[in-house]
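Thank you for asking me to look over this model with you.

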Amino acid sequence: MELLIPGLILVGLMVYASTRIKRVAAEAFEAETVENEWFSIEKPEGFLNVIAPPDGLEFEAYSKDFGVGEASEFKAARLEARVYRNRNLKYAVAALREAVGPVTETPEVIDGRKYVLVEAGSVEKGVGFREVYKLAEKDGSVVELKARSLEDISEDLGAKVEAMIASFIVK
């Protein structure tokens, strides 16, 4: 009997903590707008924004979904943004073209700012990926968004990736 009350209190605390952790984890995958001094992007539901991305990245997000079969060890989609200081757009696009091989380039203008969309493919461990880069120049630097997704993803997830690319605006 002496252990019953402390045991019940401990179980109650564990249930509370578990419920709280699940709620916070679910909130992390909700839609949000991510902004910093360089850009803004709309992150849809189902993607996690990494609060402290690795060095060299200004932004990192990935889907909670993984691939299937041979692609089961890869996240279905991942987005990264970096800033290349003291670069111009023409140089950055040429360097990207040289690094990834054959690409499709599409220029666009949003709010008077010139962007270049570059699309390429890659293969890692026998799994095919689609890569889309969105680049723009700001204050003598180039801001780059890289969206990398498995070739075989659901239509819904593909639409979310496209929406994130479209929402990426350099300030």
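1. Before we turn to the sheets, one term has to be settled: two strands are said to pair if DSSP finds at least two bridges between them. Please also keep in mind throughout that this is a predicted model.

2. With that term in hand, begin with strand S1 and strand S2 (residues 39-43), which pair in the antiparallel sense over four bridges. Within this pair, glutamate 35 has serine 40 in S2 as its bridge partner.

3. These two strands belong to an open sheet of three strands, whose order is S1-S2-S10 and whose pairing is antiparallel. Strand S1 (32-35) and strand S10 (169-170) stand at the edges with a single partner strand each, and therefore one side of each has no neighbour in the sheet. Helix H3 (residues 155-167) packs on this sheet, where it touches S2 and S10, and the direction of H3 makes about 160° with that of S2.

4. Now consider another open sheet, made of seven strands in the order S3-S4-S5-S9-S8-S7-S6, again with antiparallel pairing. Which strands stand at the edges of this sheet? They are strand S3 (47-49) and strand S6 (104-110), and because each has a single partner strand, one side of each is left without a neighbour in the sheet. From one strand to the next, the twist averages 20°.

5. A helix packs on this sheet too: helix H2 (residues 89-100) touches S6, strand S7 (113-124), S8 and S9, and its direction makes about 165° with that of S8.

6. Strand S9 deserves a careful look from both sides. On one side, strand S5 (residues 77-84) pairs with S9 in the antiparallel sense over eight bridges; here leucine 79 stands opposite alanine 147 in S9, while arginine 82 has glutamate 144 in S9 as its bridge partner.

7. Strand S8 (residues 127-138) also runs antiparallel to S9, and 10 bridges join the two; lysine 134, for instance, stands opposite leucine 145 in S9. S8 and S9 form a hairpin with two residues between them, and in the turn aspartate 139 has a positive phi of about 50°.

8. Finally, why can strand S9 be called largely enclosed by the rest of the structure? The reasoning needs one cut-off, namely that a residue counts as buried when its relative accessible area is under 20%. Eight of the 10 residues of S9 (residues 141-150) are buried, so the strand is largely enclosed by the rest of the structure.

Conventions: Residues are numbered from 1 along each chain as its sequence is written. This is a predicted model: local features need pLDDT of at least 70, side-chain atom pairs count only at pLDDT 80 or more; totals for chains, interfaces and linings use all residues. Side-chain values use heavy atoms; hydrogens and water are left out. Buried means under 20% relative accessible area, exposed over 50%, partly exposed in between (1.4 Å probe, protein chains only). Contact means heavy atoms within 4.5 Å. Axes are lines fitted to C-alpha atoms, for helices over the stretch in contact, and angles run from 0 to 180 degrees between N-to-C directions.
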